[in-house]
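Hi everyone, thanks for making time.

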Amino acid sequence: MKGLVLEGGGTKGAYQLGAYKALKELGIEFDGIVGTSIGALNAAFLVQGDFETMQDIWLNRDYRSFMDIEEDFYEKYKNVEFKAKDINVVINLMNKARKNEGIDITPLKNLLKENIDEEKIRKSSKDFGLVTVYLDKKIVPQHLMKEDIPEGKLVDYLIASSSLPIFQLEKFEDKRYLDGFLSDNTPVGLLANKGYDDIIVIRLSNDVAGDKNLQKYADLKLTVIKPSMVLGGSLNKDKDHMEKLAKLGYMDTMKVFKRYDGVKYYFNADFIYDEETCFNAITNIDIKTIEDICKILKIKREPSLRVLLEEIVPQLGEILHLEKEFTYKDIFYSIYERKLEENNIDVLNLYDFSKVIDLVNSKIEPVDYDYENNDNKPIILLNKKEKNEKAIINKLLNDFKNQSLRKMPI
């Protein structure tokens, strides 16, 4: 069975709106959808078949639909994240909540009561589940599928799952419930325990701890969609920010499913520049280019293809900030992306990679590199490391240009 897991993360949940839109366009259907916190709320709308309402809430409602707070308070705290960098701010807000001075989420409760159709969710052929916890001298996890939730209490449990410890907390069924992230923010286990073996996870963070948590499901077919950029604050409901997150979710998902190419940027899938073509471009680099790069990197070996593969390529991965398991295609695309970055070209757009190559080829400048002084004269405003990197990138681009890649056979 095929399932969808939606991670928690406050208003970062707009990312999942765009990701799910892409999955819909790709024709992917699910037998069950589960989530934690905001992921549980999004899952509920999707299981009841109400993507349009979910979209309206994310893109057309401001923070006042979620929280009853003053605007200056919102502006002060909207970019708070539940991470180490904001720990003092979060502790301060939690202390306020303990004094019953937490953020009032009455608007969110009303929004859910008006728009969640418990009967539809219960009658749906799709499984639905959520995670919350309650306090009883210790944190007691509650991992619940819809059949485990008492009749008429679904909205209450959705609120429980998304009750951050900075919110005003009310007792429910004589228990004080808190956000499910305190137990499992990415509840793959809810579906795995029901026999699901093909699961897509839409994360709202790119942290190592979250990735490590998913490793225990190595026996499943797990496809993970995660943000390629930092999503910002957990309370930020600004319209332009919501639109940006939704667009990013859509584009990241298309890239995961190979409809878009690129490493940091997004390009129409261009099968001209596949792994083999990119490998050939890199391994066909002129020996003089290899020699020049060896001088810049202070590699003392005789220039050769072996030196290129054993020493230069690994260092290119570091220069381009690639993942540990990078490909030659990653290197090739990232070299051109570096020029887009230098010119402050917007990342969140879809580009034609062939046109990018043509544009870079028409603009590329020859590099005047003083090897003795380790100085790249045309870019004196850069530091030594940046000069070295720019010189290497430009030399590679000039070499690729000379290879006339576009005329290579597909």
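This is a predicted model: local features need pLDDT of at least 70, side-chain atom pairs count only at pLDDT 80 or more; totals for chains, interfaces and linings use all residues.

Residues are numbered from 1 along each chain as its sequence is written, and side-chain values use heavy atoms, with hydrogens and water left out.

Okay, salt bridges. Side chains of opposite charge can pair when their charged atoms come close. Here the rule is a side-chain nitrogen of Lys or Arg within 4 Å of a carboxyl oxygen of Asp or Glu, and that gives 28 salt bridges.

Take helix α15, residues 328-342. Helices here are DSSP runs of H or I with at least four residues, strands are runs of E with at least two, and both are numbered from the N terminus. Inside α15, K339 and E342 sit three residues apart, about one turn of the helix, and their side chains meet in a salt bridge at 2.9 Å, N to O. K339 is buried at 12% relative accessibility, whereas E342 is partly exposed at 34%.

Now, which residue does R338 pair with? The partner is E389, with the closest N and O atoms 3.5 Å apart. R338 is in α15 and E389 is in helix α17 (residues 384-402), so this pair ties together parts that are 51 residues apart in sequence. R338 is buried at 14%, and E389 is buried too, at 10%.

Over in helix α14, residues 305-319, R306 and E310 are four residues apart, about one helical turn. Their salt bridge is 2.7 Å, N to O. R306 is exposed at 56%, and E310 is partly exposed at 39%.

Last stop, the sheet. Three strands make an open sheet in the order β9-β10-β11, with mixed pairing; two strands pair if DSSP finds at least two bridges between them. The edges are β9 (260-261) and β11 (350-351), each pairing on one side only. β9 runs antiparallel to β10 (residues 266-268), over two bridges, and D261 stands opposite F267 in β10.

Definitions and conventions:
Buried means under 20% relative accessible area, exposed over 50%, partly exposed in between (1.4 Å probe, protein chains only).
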